[in-house]
Amino acid sequence: MQKTCKRKQLQLDGRSQKTPKSTTEEPYPCHHRPTAEECRAVRDKLLALHGFPPEFLKYRRHRLMKMEPFSNEAQSEPLINSDDGDHKEESVLDGLIKIVLSQNTTELNSQKAFASLKSVFPTWEDVYAAETKSLENAIRCGGLAPRKASCIKNVLSSLHERKGKLCLEYLRDLSVDEIKSELSNFKGVGPKTVACVLMFNLQQDDFPVDTHVFEIARAIGWVPAVADRNKTYLHLNRRIPNELKFDLNCLLYTHGKLCRKCTMKGSSQKKLTSKDCSCPLSVNVVEG
């Protein structure tokens, strides 16, 4: 059986890196980690170390509100003092553009870029009608302005052409696979961006894999060492229980930014050092 599993895995790793359209595909069928117990243990350890990241509290509250009518179903567990006071749910289009602006920059810079964008262009219709150069100038503080402006323009132009209005709220009525198909039609919107919109703005049980999550998943053996990000996304979405996905994703992302032991990449935020903590992901909690 082990030889068969290894042979299948090698065949999978030799395929194209193109992302499969469905998350039902299992790229590593013989890799049985993480277990549900491991996921819960890591979630609890990181929550004890960091607390829940305040920047994600409003998204978490909206998820819990959506799940209230289905209280008998498995859902994220409530956290003490998890209400940040922001009760307004952002639009799906706002969420998508925020995620586009967050690419390859710091959280602070992406927030500044979005605030500048909304200050210069109060409505998406204003952005749609604006010259590309003006849009670039408005978001320049977020970095990669030409690329991000092009993506934003493509999204708005495509929406206007296909739907006649600049709105993505119709996605709330679609299935996960239909949402992925719709968002993937926008030039410049990749798998990670789609997964983030699903998790943060559409309250779906998805597990985006950014650089921090990817590096930690490989380091603690949740995916094979040869795994790429696309296959890591597929594997973790199969293995991690739905009710733990949101909390665990937010906590792994935060931990990856702050813990020197888990990533060598820098951050403008204060890193946790060995003097501050003993990394909970380097001890027996994640042993298979």
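Author: On a 1 Å grid over the protein atoms alone, a cavity is a set of points where a 1.4 Å probe fits but cannot get out, and lining residues have an atom within 4 Å of a point. Grid points are joined across faces, edges and corners, and a volume is the space filled by probe spheres set on the points. This is a predicted model, in which local features need pLDDT of at least 70 and side-chain atom pairs count only at pLDDT 80 or more, while totals for chains, interfaces and linings use all residues. Residues are numbered from 1 along each chain as its sequence is written, and side-chain values use heavy atoms, with hydrogens and water left out.

Reader: How many cavities of 30 Å³ or more does a search of the whole structure find?

Author: The search finds one. The volume of the largest cavity is about 50 Å³, and its lining includes Lys-58, Tyr-59, His-62, Glu-89 and Phe-200. Two or more lining residues come from each of α3 (57–67) and α10 (191–201); helices are DSSP runs of H or I with at least four residues, numbered from the N terminus. The largest share, three residues, belongs to α3.

Reader: Is Lys-245 buried or exposed?

Author: Buried means under 20% relative accessible area, exposed over 50%, and partly exposed in between, with a 1.4 Å probe and protein chains only. Lys-245, in helix α13 (residues 242–258), is buried. A salt bridge requires a side-chain nitrogen of Lys or Arg within 4 Å of a carboxyl oxygen of Asp or Glu. Lys-245 has none, the nearest side chain of opposite charge being Asp-206 at 5.9 Å; here Lys and Arg count as positive and Asp and Glu as negative, with His and the chain ends not counted. The side chain of Lys-245 does reach the backbone oxygen of Asp-205 at 3.4 Å.

Reader: Which residues other than glycine have a positive phi?

Author: Two cases may be cited. Phi of Asn-104 is near 55°, and that of Leu-144 is near 50°. Asn-104 lies in the loop between α4 (92–101) and α5 (107–120) and is exposed, at 62% relative accessibility. Leu-144, in the loop between α7 (132–139) and α8 (145–163), is partly exposed, with a relative accessible area of 39%.

Reader: Where is the cis peptide bond?

Author: The bond from Arg-33 to Pro-34 is cis, with omega near 0°. Pro-34 belongs to the loop between α1 (2–13) and α2 (36–50).

Definitions and conventions. Polar contact = N/O pair within 3.5 Å; in protein donor to acceptor, adjacent residues only side chain to side chain. 1 Å grid on protein atoms, 1.4 Å probe; cavity = no way out; pocket = protein on both sides within 12 Å on 5 of 7 lines; lining within 4 Å.
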